[in-house]
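Good morning, everyone, and thank you for making the time. I would like to walk you through one structure, going from the whole chain down to single residues.

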Amino acid sequence: MATAAIFSSLRRRRSPSLEAFLAPVDLSGIALVKTLASISSEVVSSFAATRFSFQRRNARSLLRKIEIFVVLFEFLAETRSPSSSTTALLCLKEFYLLIYRSKILLEYVAQSSKLWLLLQNPSISGYFHDLNQEISTLLDVFPVNELNLSDDIREHIKLLQNQSLKSRLYIDNNDESLRETFYSFLESFENGEIPSPTALKTFFVERLAFKDSNSYRNEIEFLEEQIVNHDGDLEPASSVINGFVAIARYSRFLLFGFEEDGVEWRIENNHPKVGEDTIVTSVPKDFVCPISLDLMTDPVIVSTGQTYDRTSIARWIEEGHCTCPKTGQTLMDSRIVPNRALKNLIVQWCTASGVAIESEFVTDSVVSALPTKAAVEANKATVSILVKFLADGSSEAGQTIAAREIRLLAKTGKDNRSFIAEAGAIPHLRRLLKSEKAIAQENSVTAMLNLSIYEKNKSLIMEEDDCLECIVSVLLSGLTVEAQENAAATLFSLSAVHEYKKRIAFTDHCVEALSSLLRNGTPRGKKDAVTALYNLSTHPDNCGRMIQGGGVSSLVGALKNDVVSEEAAGALALLVRQSLGAEAIGREEGAVTGLMGMMRCGTARGKENAVAALLELCRSGGAAAAEKVLRVPAIAGLLQTLLFTGTKRARRKAASLARVFQRREHAAMRSGGYGFVGNVNENRDGGNFTTDVSVPMSISVPVL
C-alpha cells in the first residue's frame with residue numbers, strides 16, 4: 001500500500017527521483033551509511049515543524065522512528081564500523097528505500113488538500129501501517145549484534161523493534177467523524193435536502209479552518225485534479241467526488257459570497273492555448289507531437305514505440321499510411337496504447353506553467369462524468385446564488401466572479417447547462433458582454449459558449465433581445481483575443497441550427513469579423529472562424545453574404561494553412577454549388593492552385609472536399625473557370641492517384657472530374673488541338689493562364 005501512496009503523489013504533482021524505486025547499487029560501506037544519515041536527517045528536518053491537518057499521530061510516529069534511524073546511521077558513519085556482511089548491506093539498502101517511501105508519504109500528507117485527505121483517511125492510515133510493518137520486518141533481520149553499537153543505541157533499536165511489532169492500524173476518530181459528516185452532507189443533497197448554513201459553517205470554517213474563498217477554490221481545484229489524473233482508478237468514484245466538489249462550491253458562495261480577494265476576478269485564462277504560436281518555443285520537446293508539432297493532449301504509443309497525439313496518429317492511420325511517421329518503420333498493427341505517464345507529466349507541466357490544456361468548447365469534461373443527484377442538487381443551489389448575484393449585485397468584480405463560476409459549471413455537463421439557463425442566467429450574461437472590463441466580457445462570452453452547446457439553450461440565446469448582436473460585437477472588437485475566439489465558437493455552435501444560419505450571416509459585420517479572424521487570428525482563432533463560416537455556408541441564402549463579407553476570399557487564403565485547410569475546402573465545396581459562388585471562387589487568385597494543393601498533400605477529408613469543389617467549379621463556374629481547372633498540368637496524375645487511394649466519396653468525385661477532363665481533351669483533339677492548347681500564343685482565359693502546354697494523359701476511370 002505504500003507503493004500506492006507513491007503513485008498517488010506521482011499522479012498528483014511531480015515525479016519522485018528514481019532512487020525512490022531503485023536501491024543504490026553503486027553504494028556500499030561508509031558511503032551508503034553516510035547517504036542514509038543524510039537523507040534521514042533531511043526528512044526529519046523537513047517535516048519537524050510541519051503542522052499536519054490530518055494523520056497527525058501517524059506522521060509524528062513515523063518521524064520519531066526516522067529520528068532513531070538518524071542516530072543509528074550517524075553513529076555508524078562516525079565510527080566507520082558498518083558490517084561487511086551481505087545481510088547488513090541488504091538491510092542498509094532496504095533502509096534506503098524505506099526512508100524514501102516515508103518521505104514521499106509525508107510529502108503527500110503535508111501537501112494534499114484537506115478534503116482529499118479526509119476522503120482518503122482510511123487508505124492513508126493503511127499506508128502508514130504498511131510502513132510500520134516494513135520497519136518491524138527490517139529490524140527483525142537487521143544484524144545488530146554484528147555492529148559495534150553503543151548501549152543506548154542498542155536500547156533505542158530494541159525499543160523501536162518492540163513498538164513496531166505491537167503497532168496496529170490507527171485511524172483517528174476525530175478525522176473519521178469529520179469524514180462521516182462530509183458524507184452526511186452528500187446524503188442530504190441526494191435526498192433533496194440542503195444542509196443548514198450553520199452545519200456547513202461549523203464543518204468548513206470551524207473544523208477545517210477554511211478562512212476565505214481562496215481556501216475553497218484551492219480545495220476544489222485539487223479534487224478536480226484527482227478526477228482528471230487518476231484515469232478511473234479512484235476511490236471514492238469520480239462521480240462521488242463530483243458531489244463533494246459541488247458541495248464545497250455551494251458552501252463557498254453561501255458562506256463567503258463574492259468577496260474580492262485580489263485574485264479571483266483577474267484574467268486567469270489569458271494564457272496561451274495549445275496550438276498557439278506563442279507557446280511552441282517554450283513547450284518541452286518531448287511533449288510535442290511529431291506530426292502536428294502541437295502540445296499533446298492525449299499521447300499514445302504505436303507499435304514502433306514512438307509517441308504521438310491520439311488525434312494526429314489516428315488520422316494518419318485512417319488515411320491509409322502503414323508506417324511510423326517519425327521512424328519510417330512499418331507499423332506491425334494499428335493499435336495505439338495510451339501513454340499515461342507522459343500525459344500526467346504534461347498535465348503537471350501545464351499546471352505549473354499556467355497553460356490551459358483543454359479547450360472551453362467541449363461537450364462534456366472528465367469532471368462531469370456520471371453526475372450524482374447530490375452533485376446536481378448542490379450545483380442547482382449554487383446556480384441560484386450565482387444568478388441572484390448577477391441580477392442584484394452592485395459589484396462588477398463580484399459579478400465577474402459569478403460569471404466565471406457559471407462559465408465553469410456550464411462546462412461540466414448538460415444538466416448544469418440546462419438549469420443555469422432555466423435559472424435566468426442568459427439575460428445577465430448578455431449584459432456583461434458589453435462590459436468594459438476585459439475579464440468580465442471574456443467570462444460572459446465563454447459562459448454563453450458553454451451554455452449554447454446544450455440544444456435547448458440555443459433558442460434561448462437567439463431569442464434574447466440583442467444577444468446575437470452583442471456576441472458579434474465581441475467577435476468584432478472584443479477586449480481579449482480569447483473573448484473574440486470564443487465569440488466565433490459561440491456563433492459556430494448556434495449556427496448548428498439551420499433556421500439560425502441566415503439570421504447569423506446577415507447580422508451586421510458578422511461575416512466580415514469571421515473572415516478577419518480567419519486571416520489574422522491565432523491557430524485556435526482561425527479554427528473557430530473557419531468552422532463558423534463552414535456552418536454558414538451550408539445555407540443557400542448565405543452565398544451572396546459570404547461573397548460580400550469577404551468570406552470566400554478568406555476561405556481561399558485558408559487553403560494554404562494546414563490547421564484550417566480541410567474545413568476551408570469543405571466550405572468552398574458548398575458555396576461553389578451555386579453559380580454565384582462558383583463565379584466568385586473562379587475569380588479568386590489562388591483558388592484552383594490551392595484546391596489542387598489540397599488534392600496533393602491534404603488529409604483524406606481535405607482531398608475529398610478539394611476534388612468536390614473543383615468538380616462543382618467546372619460544372620457551375622462557366623467555361624473560363626472549367627478551363628482554368630482542366631489546364632493544370634498535374635490534374636491527370638492527381639486524379640489517377642485519388643481514384644485508387646481516396647475515400648469512397650473522393651473516388652466518386654474524382655471519377656466525375658476525370659470524365660469532364662477526358663471530354664475536354666477529346667474535344668480539343670477533334671478540333672485539331674493537342675490537349676487543351678492548339679496554339680501556344682492563344683489564351684482562352686483572358687491572359688490568366690500560367691501554363692501554355694498541357695500533356696494529354698489517359699485516365700482509367702473505375703466504375704463506382
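Predicted model: local features only at pLDDT ≥ 70, side-chain atom pairs only at ≥ 80, totals over all residues.

The chain has 704 residues, of which 54% are buried, and its secondary structure comes to 34 helices and three strands.

Let me turn to helix α7, which runs over residues 151–166 and so has 16 residues by the numbering. From its first C-alpha to its last, α7 reaches 23 Å, which is close to the 22 Å expected at 1.5 Å a residue. Which residues of α7 are buried? They are Ile153, Ile157, Leu160, Gln161 and Ser164, and because they cover an arc of only 105° around the axis, they sit on the same side of α7. These buried residues pack against α3, residues 56–79, and α6, residues 121–141, whereas on the other side of α7 we find Asp151, Glu155 and Lys166 exposed.

Leucine 165 also belongs to helix α7. Is leucine 165 buried or exposed? Its relative accessible area is 54%, and since the cut-off for exposed is over 50%, leucine 165 counts as exposed. Leucine 165 is 30 residues away from isoleucine 135 in sequence, while the two are 8.8 Å apart in space, C-alpha to C-alpha.

Helix α3, one of the packing partners of α7, holds glutamate 78, which is exposed at a relative accessible area of 64%. Between glutamate 78 and isoleucine 30 there are 48 residues of separation in sequence and 9.2 Å in space, again taken from C-alpha to C-alpha.

Now to the strands. The three strands form an open sheet in the order β2-β1-β3, with antiparallel pairing. β2, residues 307–309, and β3, residues 337–338, stand at the edges with a single partner strand each, so that one side of each has no neighbour in the sheet. Strand β1, residues 299–301, pairs with β3 in the antiparallel sense over two bridges, and isoleucine 301 stands opposite valine 337 of β3.

From the sheet I move to the nonpolar cores. As a general background, nonpolar side chains in soluble globular proteins tend to be buried together. In this model the largest nonpolar core has 104 residues, and within it Leu514 and Leu555 touch the most other members. The element that gives the most to this core is helix α31, residues 604–620, with eight residues. Leaving aside residues up to four places away in sequence, leucine 514 touches Leu475, Ala488, Leu491, Ala529, Ala532, Leu533 and Leu536. Apart from this core lies another one, of 80 residues, which includes Phe73, Phe210, Ala375 and Ala378.

A word on the cysteines. How many disulfides does the structure hold? The count is zero.

Next, the backbone. Most residues other than glycine have a negative phi, and most peptide bonds are trans. Against that background, glutamine 55 has a phi near 60°, a positive value in a residue other than glycine. Glutamine 55 is placed in the loop between α2, residues 29–47, and α3, and it is buried, with a relative accessible area of 4%. Alanine 209 likewise has a positive phi, of about 60°, although it is not a glycine. Its place is in the loop between α9, residues 197–207, and α10, residues 213–229, and at 36% relative accessibility alanine 209 counts as partly exposed.

Finally, I return to the loop between α2 and α3, where we also find threonine 50. Why does threonine 50 count as buried? Its relative accessibility is 19%, and buried means under 20%, so threonine 50 falls on the buried side of that cut-off. Not counting residues up to four places away in sequence, threonine 50 touches Arg60 and Ala110.

That is where I will stop, and I am happy to take questions.

Note on methods: Residues numbered from 1 in each chain as written. Heavy atoms only, no water. Helix = DSSP H or I, 4+ residues; strand = E, 2+ residues; numbered from the N terminus. Expected span 1.5 Å × (residues − 1). Buried < 20%, exposed > 50% of the residue type's maximum accessible area, 1.4 Å probe, protein only. Arc of directions from axis to C-beta. Contact = heavy atoms within 4.5 Å. Pairing = 2+ DSSP bridges. Core = buried A, V, L, I, M, F, W, Y, C linked by side-chain atoms within 4.5 Å. Disulfide = S-S within 2.5 Å.
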